[in-house]
Amino acid sequence: MTAIKHMILGGGMVAGYAAKELAARGLKPGELAIVSADDSLPYERPPLSKSFLAGKDTEDTILINKPDWYSAQGINVKLRTTIDRVDLPAKRVHAASGDAFEFQNLLIATGARARKLDCPGNDLPNLFYLRSMDDSRKIRARAAASKSAVVIGGGFIGMEVASVLSQQNIDTSMVIPEDRVWSRIFTPALSEFFENYYRSRGAKLLKKETVASLKGSEPLEITLSSGRKLSCDMAVAGVGAIPETDLFAKSGLVIDNGILVNEYLETSQPGVSAAGDVANCPDSIFGKRRRVEHWDNAVSQGQHWAAIAAGDRRPFVHVPYFFSDVFDLSYELWGDPGGATQTITRGDAKSSSFSVWWLRQNRLVAAFAMNRPDEERQAAPQWIESKQSVSADRLADDKLPITTAAN
Ligand SMILES: Cc1cc2nc3c(=O)[nH]c(=O)nc-3n(C[C@H](O)[C@H](O)[C@H](O)COP(=O)(O)OP(=O)(O)OC[C@H]3O[C@@H](n4cnc5c(N)ncnc54)[C@H](O)[C@@H]3O)c2cc1C
């Protein structure tokens, strides 16, 4: 049995940034252990559907901390170690290998896994799901030998993968169940902008379609709900993620779309916290609970847990944020458009420089920005957090500085 002061279960993004923050706050050698099922040290996941997938980044360039940094800090990282049993009241976790660990303070950061298609053929060799570096490597290798691809799902991972594959001159079709891309978040005008952009870059869009079945491998044959058949060298499904909570089903933790934590990221079990994709956290800005599956949330919650572990106990208050890169476009989104009563566009929605502002009554609840001035990027999270009242007319007038829209 190894006894540890701080233990992080899961060696992903939360772990990488939590370790960095704890070290900056005076961690002593031997005080922190990271136990991870991964075979790589904590790495940035966003490049897996962008630059790493495109072959522009390597394992070394996407690591959050360099390999010798962990040993220099006296942090014990146990890779290829899957925890398969926990006894949280006894403050113990057990690995499939037989190793056991006793902790004073545990951070659960087990993330999420890619959701699989629910249809016959959902495990065929040339159908890929994307969560890990290894998944990305396999997609990259198959793409190098492919002339045609089908991307299933029109969320951010599907859109990013389709963008990378199209740019490799692979004939790429996207199959999406909705009548427009990312309808859950985007306004119709935003969806239209991206659909036109994708078409202009050669990607095809098959809307209001789901996959009924897959068969074969070379080629892979896909039958859609309409009966339409597609034949391709490879397919990638980006159909959502499931929080990794199975391990805690009988642990006494409260699980409801992730592990429920309070505003200090603490679970119902003393000494046990959760952060990142696996955690369902109260959002005091919007007055609701949410489980966020984005980079900034993993980074910020990892750092926040470390601050609390180092004695700086404050509630986690954070504006949800998300970024994505597709083709030569980079965009960002703050807040939560749900419940908005009005949307306003600054700039020209047909160009690649515009922003969209979602208002509920006269308060800003969400903002999208692509190639916009820093003042707009700064105003968005500040106004959402402060519940700033804004003038819709002044906000819509692109000739006025954004700051004049604050009432
Ligand atoms: C392909 C891809 C692209 C993305 N792109 C973007 C983007 O452009 N913008 C954005 O905002 N967000 C993006 N994200 C989301 C972002 O990467 C995640 O929100 C973030 O990785 C979550 O971090 P995490 O530490 O909670 O989980 P993860 O990074 O998934 O880490 C979980 C860790 O837990 C380990 N683990 C799980 N179970 C066990 C167990 N029983 N025992 C031991 N270890 C275990 C896993 O092996 C892994 O190391 C992307 C995600 C993916 C997959």
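An oxygen atom of the ligand sits 3.2 Å from a polar backbone atom of His-294. That counts as a polar contact, a pair of N or O atoms within 3.5 Å; within protein, one must be able to donate a hydrogen and the other to accept it, and residues adjacent in sequence count only if both atoms are side-chain atoms. The protein covers 94% of the 1,000 Å² of accessible area that the ligand has on its own (Shrake-Rupley method, 1.4 Å probe).

This is a predicted model: local features need pLDDT of at least 70, side-chain atom pairs count only at pLDDT 80 or more, and totals for chains, interfaces and linings use all residues. Residues are numbered from 1 along each chain as its sequence is written, and side-chain values use heavy atoms, with hydrogens and water left out.

Stay with the ligand. A ligand nitrogen atom is 3.0 Å from a polar backbone atom of Ala-37. Glu-160 places a polar side-chain atom 3.4 Å from a ligand oxygen atom.

Now the chain itself. An automatic or database assignment divides it into domain 1 (2-45 + 63-112 + 244-309), domain 2 (116-237) and domain 3 (328-405).

How far apart are the C-alpha centres of domain 1 and domain 2? They lie 32 Å apart. Eight residues of domain 1 contact four residues of domain 2 (heavy atoms within 4.5 Å). The two domains bury about 530 Å² between them, 50% of it on carbon and sulfur atoms. Buried area is the accessible area (1.4 Å probe) lost on putting two parts together, summed over both. In domain 1, Tyr-43, Arg-45 and Ala-112 lose the most area to domain 2, together 58% of what that side buries.

One salt bridge is counted between these domains (a side-chain nitrogen of Lys or Arg within 4 Å of a carboxyl oxygen of Asp or Glu). Asp-277 forms a salt bridge with Arg-131, with the closest N and O atoms 3.0 Å apart.
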